[in-house]
Amino acid sequence: KSLIGCLKGMSDWVVNNFWDTEISGIAWDSRNVQPGDVFFALVGDNFDGHQFVQAAVDKGAAAVIGTMAGVTLDVPYVQVRGDDRLAMATFASAFYDHPSQKLIVIGVTGTDGKTTTTNLIYHILRTAGIPAGMISTVNAVVGDEILDTGFHVTTPESPDIQRYLAKMVEAGLTHAVLETTSHGLAQRRVAAVDYDLAVVTNITHEHLDYHHNYQGYLEAKGKLFEALSAGDIGSKGVEKLGVLNKDDQSYDYLHKITTEKQLSYSINKQADLWADQIEHSPAGVTFRVNGIGESFNIQSPLIGLYNVSNILAAIGATLGGLSIPVSAIQHACQTVEIIPGRMEIIDLGQDFLAIVDFAHTPNAIQQALLAARELTEGKIIAVFGSAGLRDVEKRKMMPQTAAGLADEMILTAEDPRTESLESILGDMAEGAKRGGGILGEDFWLEPDRGNAIRRAVNRAEAGDLVICFGKGHEQSMCFGTVEYPWDDRTALRAALAERLEIGGPDMPWLPTSDVPAEES
């Protein structure tokens, strides 16, 4: 593509050293530059990409775009004024021929339930015979191709998003479902995406290390709904729609800022779409949907009351926004596969339930434990940690919340990164005590996650439920700056196999694995 051709849609840029050139890709990390790429010298809180400009050129960058004035290079350099991430998003959209303008794009945001709701919407569309693609925090799906979006990824960077969307257009798809995180919105990764439908699951306590307070977090999420009015209204034959959760504290704010058509949903009766006759079992949920046309029944293998809300959100988008037939929605909800690491039951023949769930916020842990209580009359034994270099407040909030719902807790490592694991566990113990927990009686500290899962499994009796929170589908755990291979599902299978004395996977190794386990 022509460099100047991609710049035409951008505003407020000046040329320091310029002649037009052909570019073949976009890079924002100098280590990943390929010959022919344009390199964006982004400036962040802890880095300045301008320091790596010459390294990018040495690796073959055909041009450089940055915010610093007076840069002289042997390749074209373009200075942009203002938001460099917005510039990269706009440039990437142009480079890939504005793919979101050729797709009906459904954005899903929220604190908990985003991935599940994204997958539900995608599965409903595919069940209805609509050629759709999906970008989630787990992977990107384009036709039969599944693309890994990496370790610990939220919304991908803007060039990756535009590349995935372009692949969807090239594959002949007509719809795209995009899981949209607060970081993705605040960092302008989705700034050039033309959204048609926006869906929120809930907005609760999370990422306050980044957004500073709940209002900042709420406003970041709200950018998705503001984006509905930014695109070319009605050009795709679909009326813009915001789907809002009337049970959630975010509703009043989003309701006021959403200028397009709205549809609300609830597990009560005060919304456009609501559920009743809700029943739970280890096999899933059943309920009746009311509010749009005739009432109809839903049966799904997804577990928990919060998944009723997620299903309603998906129905709001597909039935209320896209007029998908009810029969297709019912079939999709019944046949949807369990989302990896989301209330995923691990069964090796033991006489108690064992579950892995991604819950890593106070609200998610509360909702998952409420769902677990519907599945057993025995003890609930919860295993979880709290990530380092992330929201500090929730370290105490999560065990304080869980102490009133779980019978026993084993607090352990979860991506401590460069923080002291001992300090993190100390904060968590304080929260557990605030919730009424007693160290050594109903909660324990076990730094090694493998041993924590072993302890939970070995304490379980017939009819109990062991649930491991926080990692879900993730495939690594970070100690220091190193990502070690880790999968909670593998670890839980290993612990169960050891207890049952049957063949199974080995317990994954972590840097804490060589520390002797505490006595049970």
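The model is predicted, so I use local features at pLDDT of at least 70 and side-chain atom pairs at pLDDT 80 or more, while totals for chains, interfaces and linings use all residues. Residues are numbered from 1 along each chain as its sequence is written, and side-chain values use heavy atoms, without hydrogens and water.

I placed Glu344 in strand β17 (residues 344–345); strands are DSSP runs of E, at least two residues, and helices runs of H or I, at least four, numbered from the N terminus. Glu344 has 16% relative accessibility and therefore counts as buried (under 20% relative accessible area, with a 1.4 Å probe and protein chains only). Beyond four places in sequence, I find Glu344 in contact with residues including Ile338, Ala354 and Arg493 (heavy atoms within 4.5 Å).

I then searched the whole structure for aromatic pairs and found 5 (ring centres of Phe, Tyr or the six-membered ring of Trp within 6.5 Å). In one, Phe40 and Phe91 have ring centres 5.4 Å apart and planes at 70 degrees, so I noted the pair as edge-to-face (over 60 degrees). Phe40 is in strand β3 and Phe91 in helix α3, so the pair ties together parts 51 residues apart in sequence. Phe40 is buried at 2% relative accessibility, and Phe91 is buried at 0%.

Methods: Buried < 20%, exposed > 50% of the residue type's maximum accessible area, 1.4 Å probe, protein only. Phe/Tyr/Trp six-rings, centres within 6.5 Å; stacked < 30°, edge-to-face > 60°.
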